[in-house]
Amino acid sequence: MAPGIMPLPCCKAVPRNSDGAKKLASETVPDQRWKLQVFYLCFYGFMTQIRPGESFISPYLLGPDRNFTKAEVTNVITPVLSYSYMAVLVPIFLLTDYLCYKPVLVLQSLSHISIWLLLVLSTSVLAMQLMEFFYGITMAARIAYSSYIFSLVAPSRYQRMASYSRSAVLLGVFTSSVLGQLCVTLGGVSFLTLNYVSLGFVSFSLLLTLFLERPRRSLFFNRPGRAGDAAAPTELDRMAGGDGGGGTRGWRDMVLCRMLRELGALARQPQLRLWSLWWVLNSAGYYLMLYYAHILWNEISPTVDNRRVYNGGVDAASTLLGAVTSFAAGYVKIRWTLWSELVIGVVTAFQAGLLLLMNSTTNIWLCYAAYILFRGSHQFLVPIAIFQIATSLSKELCALVFGVNTFFATVLKTIITIIVADKRGLGLSVHPQFYVYFGFFTLLAVAYLLAAVGVGIRHSRRKQPVELALAKELCQLPVEIPAQEKSPEAGTVRA
């Protein structure tokens, strides 16, 4: 896989048979239909991201088109996104596998259409809350696209195909942001018209979804017997006491519980525990910043002329930088067991400084730059976290680990939203909220750096006894004098 382009960590290849004689159908059958399917899925992934109005939703809601107040958008409408995402995440995760992906992709497309219909037709706060609810569904349903491709190809092709699908998504996001910015800045297109354009694109995406082939197998619930590949049992088969065949009677009831118990044992691994904590804590803060950044920009530079709103260009630049830093992360070769805490601590401290800069500056361009760097620094650590967590796990356990991590991150994000942003909590405006997020990342940075100091001390203490033992052994070795150095008369060494 291309470094840094890893959408799903459960793409670890399953070992082949020991004799190497048996391969999956997609590797042996002359029929190359799967290549066309992968191409179509990547094209679908690209097109579903073409929503040029997405970067301008906040100025659209706060501007004359809808004229909501900042308090309504910040404390009443936007918090629903976190609540919706948490409520539907687990059901959609399970339904994605149980229904073999395609129905959930259809649900995602219908939710996208609902979002843009509500944006262009409705004017009430309740309708905008419903819009955020559908937005939460689309976010939770992203797992269906990320997982779908693994049902089309053999395990040996997982990594390469995953990089293709992720690249298609990133290219789609970049293209959508650039297109939206060009329409607004150069074309003078209104935000309302841009939303109609987005509605057309998401409607076309629904048509594309209908032509996707529904897979017959999935990771957990739909696992047909494999007569031609019976010698390669998976994690689920082993846990169910099977031999890789189609024994499905017991694992549906028991394997998930066994996998959860195994996760408890895996949590004792320091690297997996550290990077899982990073995923939970930092992801929660990262997405809260994303949710409210556009509102902050409107606070710093209120929308007067639509042509001077550069949200699309900033989103495009941050997407591009995120792709570059993710790629670069694959070339960082250090001893992660020793340096992980320090790297995480330094990056988190950098992000805390960026949050402070975003919140304290009155220059919108500095705020844009800080936002771009914040997203790029987070995306730098994502592929490292994926590798550190997934390197020793089967693809089934990978899916479960990241599902659990994402769920806990969502719960934490929701708790912070209830306390900080929701009008039933503190109901803070956007500037005080960013001070809270700055404090959150500062505490995380301090904790990571203190942990790095502890790791360094423990490493030096372990290293010192080894060095002393080696020195002692060297001192006890007998010193042999070479024969040519000896005097034949006295038997002494020459000066």
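**Note on a predicted helical model**

1. The protein chain contains 18 helices and zero strands. Helices (H or I, at least four residues) and strands (E, at least two) are DSSP runs, numbered from the N terminus. This is a predicted model, in which local features need pLDDT of at least 70 and side-chain atom pairs count only at pLDDT 80 or more, while totals for chains, interfaces and linings use all residues. Residues are numbered from 1 along each chain as its sequence is written, and side-chain values use heavy atoms, with hydrogens and water left out.

2. Of the 495 residues in the protein chain, 49% are buried. Buried means under 20% relative accessible area, exposed over 50%, and partly exposed in between (1.4 Å probe, protein chains only). Among contacts between residues at least 6 apart in sequence, 82% join residues at least 24 apart. Contact here means heavy atoms within 4.5 Å.

3. The largest nonpolar core has 88 residues. A nonpolar core is a set of buried Ala, Val, Leu, Ile, Met, Phe, Trp, Tyr and Cys residues joined through side-chain atoms within 4.5 Å. The residues with the most contacts inside this core are Leu61, Leu119, Met289, Trp297, Met358, Tyr371 and Phe434. Helix H13 (residues 270-300) gives the most to the core, with 11 residues. Apart from this core lies another, of 24 residues, among them Leu274, Val347, Ile384 and Leu444.

4. Tryptophan 297 is one of the residues with the most contacts inside the largest core. Leaving aside neighbours within four places in sequence, tryptophan 297 is in contact with Asn311, Val314, Asp315, Met358, Ile364, Cys367, Tyr368 and Tyr371.

5. Helix H13 also packs against other helices. The axes of H13 and helix H16 (residues 364-390) come within 10 Å and cross at roughly 160°. Axes are lines fitted to C-alpha atoms, for helices over the stretch in contact, and angles run from 0 to 180 degrees between N-to-C directions. H13 and H16 are therefore roughly antiparallel to each other. Angles under 35 degrees count as roughly parallel, over 145 as roughly antiparallel, 65 to 115 as roughly perpendicular and the rest as oblique. H13 passes H16 in a left-handed crossing. A crossing is left-handed if the near helix is turned anticlockwise from the far one by less than a right angle, and right-handed if clockwise. The residues of this contact divide into 22 nonpolar, eight polar and one charged. Ala, Val, Leu, Ile, Met, Phe, Trp, Tyr, Cys and Pro count as nonpolar, Asp, Glu, Lys and Arg as charged, and the others, Gly among them, as polar.

6. Helix H4 (residues 70-77) packs with H13 at an angle of about 165°, with their axes 11 Å apart. That angle makes H4 roughly antiparallel to H13. The crossing of H4 and H13 is left-handed. H4 contributes Lys70, Val73 and Thr74 to the contact, and H13 contributes Tyr292, Ile295, Asn298 and Glu299. These residues divide into three nonpolar, two polar and two charged.

7. Helix H5 (residues 79-98) and helix H7 (residues 125-140) pack at about 40°, with axes 8 Å apart. That makes H5 oblique to H7. H5 passes H7 in a right-handed crossing. On the H5 side the contact involves Val80, Leu81, Ser84, Tyr85, Val88, Leu89 and Ile92, which meet Gln129, Glu132, Phe133, Tyr135, Gly136, Ile137, Met139 and Ala140 in H7. The division is 11 nonpolar, three polar and one charged.

8. Glutamine 181 sits in helix H9 (residues 158-185) and is buried, with a relative accessible area of 9%. Not counting residues up to four places away in sequence, glutamine 181 touches Phe56, Leu186, Val309, Tyr310, Asn311, Gly312 and Gly313. Glutamine 181 and proline 52 are 129 residues apart in sequence and 7.8 Å apart in space, C-alpha to C-alpha.

9. Two loop residues have backbone angles to check. Asparagine 67, in the loop between helix H3 (57-62) and H4, has a positive phi of about 60° although it is not a glycine. Asparagine 67 is exposed, with a relative accessible area of 58%. Tyrosine 101, in the loop between H5 and helix H6 (102-121), has a positive phi near 70° and is likewise a residue other than glycine. Tyrosine 101 counts as buried, at 5% relative accessibility.
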